[in-house]
Amino acid sequence: MMQRRVLSFLALAFGFTWAVAGIGALLGIDATSGGPYLALAAVCMFGPAIAALVQHRHFDHAPWKALGLHPELIRWPFLFAAASIGLCIVPLTLLVINLLGDGLGYDVFGHVEVSGSRFNIAMGEMVAQMGGNEMPNAATEFLAGLPGGLILAVLLFSGLFSAFSINLPFMLGEELGWRGYLYQALAGWSAGRRILFTGVVWGLWHAPLIAMGHNYPGHPVLGIGLMVVFCILLAFLFDWARTRANSVWAPAVLHGVINGTASSVVFFSWDGDVLFGSPVGVAGFIAIAFLALLVLGDGTYRKGLMQARNGVAQD
């Protein structure tokens, strides 16, 4: 019965998102299309949530509580801890790029400089790529004089704010499926198996957008494989957030923080290969793996994982 439920949910989630992406591809939309692509990606994100609602209520006839939506069940300290973990990914990724690129000389990772002058250069390049006018000298001098750490902190805070506001509905569009419906549907599995399975299907679900140039431009096939690895690593953090906060809202916030801050890396790093020197490349994998080890150091969570593996139901 459980396997039929899971397969039905996945068919709905993949079917909706891949159909929308397919229509977009037929219309000539790809990751370089600007507004139309952003709109397409936003619609795609609601596929897992629509699948969760249809499967959970129409086919399973199950109560809402199982999806982890009720605010009164949230363990708030762990929701805020999840957001804090999300804020660590960009600084750790920059640190990895610095160690492997600047420190050990691996050119594929590029270079890092967290400074106002580097931010100013990146902003100028971005404006030029968008066909805009050069920034006034006063503005460039002001930006160049700011401490890089302060600029990075502002960017991270902006991402945190968006995670609790404009990004939240879109992140819930994914998380209501992966850490809402799928999490409870796989409750009978060992925790490791649940995390691995969720990470794989989550990564593969992105396949049409990756093929359209999302995250790994120029690598439509290899990018799909790397996205699966990326999502498996993230699945540890998201599973921890869902379990410890007792709510789907925690992984939704964590997802929003990651999406809202990841682009900050481009303001302080340059010349790296996206497959290595980026949050979705090897540098990001190392940063996320380090954070995954930290959450596995949570004794209560680790005990829950061991109990699940031994067939003991978790609270």
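Trainee: How far apart are the mean positions of the positive and negative charges of the protein?

Mentor: The mean positions of the 14 positive and 16 negative charges lie 23 Å apart. Please bear in mind that this is a predicted model.

Trainee: What makes a residue count as one of the positive or negative charges?

Mentor: Lys and Arg count as positive, and Asp and Glu as negative.

Trainee: How do you know that the radius of gyration agrees with that of a compact globule?

Mentor: For 315 residues, a compact globule would have a radius of gyration near 20 Å. The protein has 20 Å, and therefore the two agree. The C-alpha trace spans about 65 × 50 × 35 Å along its principal axes. Of the 315 residues, 47% count as buried.

Trainee: Which share of the contacts in the protein with a separation of 6 or more joins residues 24 or more positions apart?

Mentor: Such pairs account for 78% of those contacts.

Trainee: Let us turn to single residues. Why is glutamine 55 called buried?

Mentor: A residue is buried if its relative accessible area is under 20%. Glutamine 55 has 3%, so glutamine 55 is buried. This residue is found in helix H3, which covers residues 47-59.

Trainee: What makes the link between the side chains of glutamine 55 and serine 8 a polar contact?

Mentor: The cut-off for a pair of N or O atoms is 3.5 Å, and one atom must be able to donate a hydrogen and the other to accept it. The polar contact between these two side chains is 2.5 Å, which is within that cut-off. Not counting residues up to four places away in sequence, glutamine 55 also touches Arg5, Phe9, Leu12, Asp60 and Tyr181.

Trainee: Why is glycine 173 called buried?

Mentor: Its relative accessible area is 1%, and buried means under 20%, so glycine 173 is buried. Glycine 173 belongs to helix H8, residues 168-185. Its contacts, leaving aside neighbours within four places in sequence, are with Met45, Phe46, Pro48 and Ala49. The C-alpha atoms of glycine 173 and alanine 252 are separated by 8.6 Å, although these residues are 79 residues apart along the chain.

Trainee: How do you know that threonine 93 is buried?

Mentor: The value for threonine 93 is 0%, which is under 20%, so the residue is buried. Threonine 93 has its place in helix H4, residues 76-103. Beyond its neighbours within four places in sequence, threonine 93 is in contact with Val265, Ser278, Pro279, Ala283, Gly284 and Ala287.

Trainee: Why is aspartate 271 called exposed?

Mentor: Exposed means over 50%. Aspartate 271 has a relative accessible area of 61%, so this residue is exposed. Aspartate 271 stands in the loop between strand E2 (269-270) and helix H13 (282-296). Its phi is positive, about 65°, although aspartate 271 is not a glycine.

Key: Residues are numbered from 1 along each chain as its sequence is written. This is a predicted model: local features need pLDDT of at least 70, side-chain atom pairs count only at pLDDT 80 or more; totals for chains, interfaces and linings use all residues. Side-chain values use heavy atoms; hydrogens and water are left out. Helices (H or I, at least four residues) and strands (E, at least two) are DSSP runs, numbered from the N terminus. Buried means under 20% relative accessible area, exposed over 50%, partly exposed in between (1.4 Å probe, protein chains only). Contact means heavy atoms within 4.5 Å. The radius of gyration is taken over C-alpha atoms; the globule rule is 2.2 Å times the number of residues to the power 0.38. The place of a charge is taken as NZ of Lys, CZ of Arg, CG of Asp or CD of Glu.
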